[in-house]
Every structure is written in C-alpha cells, then in structure tokens.
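Let's take a quick tour of a protein model together. Have a look at it first, and then we'll go through it topic by topic.

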Amino acid sequence: MQDNSADETEIASMKKSINDALEADYYDRMQALDSWLGDLKLGTPVQKDYALMQDAINMLQEQIRDSNDLEYTDDDYEEVTKEFYEELLDEEGIIDLHGRAVIDFVINRLKGILEDFRMGDE
C-alpha cells in the first residue's frame, strides 16, 4: 500500500514539474516562437499568436493534471494536436497555417520536456 502511495506522490511531482516547465521562461518561449514561425516563413508572431500559445499550454497542463499516464506515443501527440486545432482554431473553410504552427510549437515543446525528463531518469 505504501508503494502505491509513493508512486502516486512521484507521479504528482512529475506532473507538477512538467507543467512548471511548460509555463517557465515566458520571454524565452516568445523568442522561440518568433524563431519557429520565422523558420517556417510565416512572419513575426502577433499578440493573438502569443495568446494562442498560452491557451494551448493551459490546455496541455490541464490534460497532464488529469492524466493517469505520462507516456505519450506519436499517436497521442497527433490526437492532442488535432484536438487543439479543433478547439482553439476557428477554421471554417480556411486552414489557419499560422495558428497550426503555434500549436505545433507547443506540442514540440512538450515532446522536448518529456524527453528531458526521460533522459533524467536514466
């Protein structure tokens, strides 16, 4: 019984650390988004892009808090990305490439954060 409690405490701690990492370094995130969009030749981000980035981070944090498993497969990332496109972008008849790039940026940050956590466990 105590092992289960220890596992739950460790998972809760990992979830908090992942969520903290997603939220960390606002200005660094802004600069990284600037570079990401520039590399994709989509121009300079505007205020709505930063707001979209924050909305996507908030949604990810909520999903992480509610999840039972911190292992994400490529299919999981794809599913979350599609869900975010549907929930955060109003794409009726038009595909918002700029918005999609912002969401992809956030999902890629999560991948990097989780990879760093796995590397730290080894």
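Predicted model: local features only at pLDDT ≥ 70, side-chain atom pairs only at ≥ 80, totals over all residues.

**The whole chain**

- If you boxed up the C-alpha atoms along the principal axes, you'd need roughly 55 × 30 × 20 Å.
- The protein chain has 122 residues, and 34% of them count as buried.
- Take the contacts in the chain with a separation of 6 or more: 74% of them come from residues 24 or more positions apart.

**Where H2 meets H3**

- Helix H2 covers residues 26–39 and helix H3 covers residues 47–66; their axes come within 11 Å and cross at roughly 115°.
- That angle makes H2 roughly perpendicular to H3.
- As for handedness, H2 passes H3 in a right-handed crossing.
- On the H2 side, the contact is made by Tyr26, Arg29, Met30, Leu33, Asp34 and Leu37, while H3 brings Asp49, Tyr50, Met53, Gln54 and Ile57.
- Sort those residues by class and the contact of H2 with H3 has seven nonpolar, one polar and three charged.

**Where H3 meets H4**

- Helix H4 spans residues 74–88, and the axes of H3 and H4 come within 11 Å, crossing at roughly 130°.
- H3 and H4 are therefore oblique to each other.
- The handedness of this H3 and H4 crossing is right-handed.
- H3 makes the contact with Leu52, Asp55, Ala56, Met59, Leu60 and Gln63, and H4 answers with Val80, Glu83, Phe84, Glu87 and Leu88.
- Class by class, the contact of H3 with H4 has seven nonpolar, one polar and three charged residues.

**Gln54, in helix H3**

- Gln54 is found in helix H3, and you've already met it as one of the residues in the contact with H2.
- Is Gln54 buried or exposed? Its relative accessible area is 18%, so Gln54 is buried, because the cut-off for buried is under 20%.
- Leaving out residues up to four places away in sequence, Gln54 touches Glu23, Tyr26 and Arg29.
- Tyr26 and Arg29 also turn up on the H2 side of the contact with H3.

**Lys111, in helix H5**

- Helix H5 takes in residues 97–121, and Lys111 lies in it.
- Lys111 counts as partly exposed, because its relative accessibility is 30% and that class sits between the 20% and 50% cut-offs.
- How many Å separate the C-alpha atoms of Lys111 and Gln61? They're 13 Å apart in space, though 50 residues apart in sequence.
- Gln54 and Lys111 are 57 residues apart along the chain, and their C-alpha atoms are separated by 17 Å.

**Thr81, in helix H4**

- Thr81 lies in helix H4.
- With 11% relative accessibility, Thr81 counts as buried.
- Which residues does Thr81 touch, not counting residues up to four places away in sequence? They are Ile103, Asp104 and Ile107.

Notes
Residues numbered from 1 in each chain as written. Heavy atoms only, no water. Axes fitted to C-alpha atoms, helices over the stretch in contact; angles between N-to-C directions. Helix = DSSP H or I, 4+ residues; strand = E, 2+ residues; numbered from the N terminus. Parallel < 35°, antiparallel > 145°, perpendicular 65-115°, else oblique. Left-handed = near helix turned anticlockwise from the far one by under 90°. Contact = heavy atoms within 4.5 Å. Nonpolar A, V, L, I, M, F, W, Y, C, P; charged D, E, K, R; others polar. Buried < 20%, exposed > 50% of the residue type's maximum accessible area, 1.4 Å probe, protein only.
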